[in-house]
Amino acid sequence: MLKTNRYGKKIRTLYNEIIAKQRAKYECPKCHSKTLRRVSFSIWECKKCGFKMAGGAYTPYTEIGEFVLKMLGER
Ligand SMILES: [Zn+2]
């Protein structure tokens with residue numbers, strides 16, 4: 001997905017962490033089950049209670065994804 005090497009090892013490591021975070025499941029703020037999943041860009045949905053929320057592009061609670069994408073100039 002990331003096709004450039006010009007950002008060096010650190011940024012690629014960070015990018016890989018984001019991808020891992022994107023695929024991970026998160027705790028639902030409503031029912032506190034680890035069932036919160038990303039369903040589309042910035043939209044997170046709980047598979048248990050159906051709660052939907054807008055969050056970060058890659059993780060529901062942090063802005064690290066936004067930060068890296070800005071650095072990469074992809075947004
Ligand atoms: Zn829930």
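**Note on the predicted chain: loops, sheet and confidence**

1. H32 is exposed, since 12 other C-beta atoms lie within 10 Å of its own. The classes rest on C-beta atoms placed from the backbone: with 20 or more others within 10 Å a residue is buried, with 12 or fewer it is exposed, and in between it is partly exposed. H32 belongs to the loop between α1 (8-23) and β1, and its phi is positive, about 60°, although H32 is not a glycine. Most residues other than glycine have a negative phi.

2. The model is a predicted one, in which local features need pLDDT of at least 70 and side-chain atom pairs count only at pLDDT 80 or more, while totals for chains, interfaces and linings use all residues. Residue numbers start from 1 along each chain as its sequence is written. The predictor's confidence in each residue is given as pLDDT, from 0 to 100. Its mean over the chain is 79, and 73% of the residues reach 70 or more. Confidence is highest in β2, at 90, and lowest in α2, at a mean of 64.

3. Two helices and three strands make up the secondary structure of the chain. Their order from the N terminus is α-β-β-β-α. These elements are DSSP runs numbered from the N terminus, with helices (H or I) of at least four residues and strands (E) of at least two.

4. The three strands form an open sheet in the order β1-β2-β3, with antiparallel pairing. The edges are held by β1 and β3 (52-54), each of which has a single partner strand, so one side of each is left without a neighbour in the sheet. On average, neighbouring strands of this sheet are turned by 35° against each other, direction ignored; the axes used are lines fitted to C-alpha atoms, for helices over the stretch in contact, and angles run from 0 to 180 degrees between N-to-C directions.

5. Strands β1 (residues 36-40) and β2 (residues 43-46) run antiparallel and are joined by four bridges; pairing requires that DSSP find at least two bridges between two strands. L36 has C46 of β2 as its bridge partner, and S40 stands opposite I43 in β2.

6. The hairpin of β1 and β2 has two residues between the strands, and S42 there takes a positive phi near 70°. S42, in the loop between β1 and β2, is not a glycine. It is partly exposed, with 15 other C-beta atoms within 10 Å.

7. E27 counts as partly exposed because it has 14 C-beta neighbours inside 10 Å. Neighbours within four places in sequence left aside, E27 is in contact (C-beta atoms, placed from the backbone, within 7 Å) with H32, K34 and L36. Its C-alpha atom is separated by 8.9 Å from that of R37, ten residues apart along the chain.

8. M71 lies in helix α2 (residues 64-72). M71 is exposed, having 12 other C-beta atoms within 10 Å. M71 and I11 are 60 residues apart in sequence, with 9.0 Å from C-alpha to C-alpha.

9. For the chain as a whole, buried residues account for 15% of the 75 residues. Of the contacts between residues at least 6 apart in sequence, 21% join residues at least 24 apart.

Note on methods
Two residues are in contact if their C-beta atoms, placed from the backbone, lie within 7 Å.
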